[in-house]
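Subject: Structure handover

Hello,

Here is the structure for you to look through. Please open it first and then read the notes below.

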Amino acid sequence: MSVHLLQTATSVLLKDPTASLGDVAKAAGVGRTTLHKRFPTRTDLVRAVANDALDLIDSVACEVDFDSDDALEDLMTRLVALGPRVEFLLRFPGLERDAELRARIEAMDQPVLDLITRLQGTRLRRDLPAWWILHTLYAGLFNAWEAISYGRLAPLDAPRFVLTTVFEGVASAGATDRT
């Protein structure tokens, strides 16, 4: 029940960030009392959904060889597959104000930042800060998940779209540099 409940809560809260515990309970097919026993407050439920997403990311990150030349491709492919359960972290308002969640996110970002720093000057631009490139990756993931949910993008194409945008940008071949 726990995974189903968290998946349902993720879906409900992404559709309506103001949804109540009652809305989540109804969508999950459980009584409100049952939900309140597990999550006494809406904040507890939101934190549990966010921590579940962070646990998923952590499990995926543990499978990536960050020393490999294709680590970024591997990571993006794995993150795209996680879909809305991780999209919640990028889209749900207020999570950045939770110090515990913010600390977890920053700790999980570090290996990716280290990878980006290592790739700067070879595959990635050196003149952009690593944090900017990281947030560009996250924005690409968000756009991919959104496009997948609207039926505009096949999940198998999403990592390539994100990585092409990061590695090559969106300028046409032969376009002059205007920055």
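Are F88 and F92 buried or exposed? Both F88 and F92 are buried. Keep in mind throughout that this is a predicted model.

Aromatic pairs

A pair of aromatic rings is described by the distance of the centres and the angle of the planes. The count here is two aromatic pairs. One of them joins F88 and F92, with 4.7 Å from centre to centre and 20 degrees between the planes. Planes under 30 degrees apart count as stacked, and F88 and F92 form a stacked pair. The other consists of W131 and W132, whose ring centres are 5.8 Å apart. Their planes stand at 80 degrees, so this pair is edge-to-face; the cut-off for that label is over 60 degrees. W132 has a relative accessible area of 45%, so it is partly exposed, a label that covers values between 20% and 50%.

Eight residues from domain 1 and nine residues from domain 2 take part in the contact.

The size of an interface is often given as the accessible area lost when the parts come together. Domain 1 and domain 2 bury about 790 Å² between them, and 77% of that area is on carbon and sulfur atoms. Within domain 1, L6, T10 and L14 supply 62% of the area buried against domain 2, more than any other three residues.

On the side of domain 1 that touches domain 2, six residues are nonpolar, two are polar and none is charged. Between domain 1 and domain 2 there are zero salt bridges. The count of residue pairs in polar contact between the two domains, with both residues at pLDDT 80 or more, is also zero.

Regards

Technical notes:
Residues are numbered from 1 along each chain as its sequence is written. This is a predicted model: local features need pLDDT of at least 70, side-chain atom pairs count only at pLDDT 80 or more; totals for chains, interfaces and linings use all residues. Side-chain values use heavy atoms; hydrogens and water are left out. Contact means heavy atoms within 4.5 Å. Buried area is the accessible area (1.4 Å probe) that two parts lose on being put together, summed over both. A salt bridge is a side-chain nitrogen of Lys or Arg within 4 Å of a carboxyl oxygen of Asp or Glu. A polar contact is a pair of N or O atoms within 3.5 Å; within protein, one must be able to donate a hydrogen and the other to accept it, and residues adjacent in sequence count only if both atoms are side-chain atoms. Ala, Val, Leu, Ile, Met, Phe, Trp, Tyr, Cys and Pro count as nonpolar, Asp, Glu, Lys and Arg as charged, and the others, Gly among them, as polar. Rings of Phe, Tyr and Trp (its six-membered ring) pair if their centres lie within 6.5 Å; planes under 30 degrees apart count as stacked, over 60 as edge-to-face and the rest as tilted. Buried means under 20% relative accessible area, exposed over 50%, partly exposed in between (1.4 Å probe, protein chains only).
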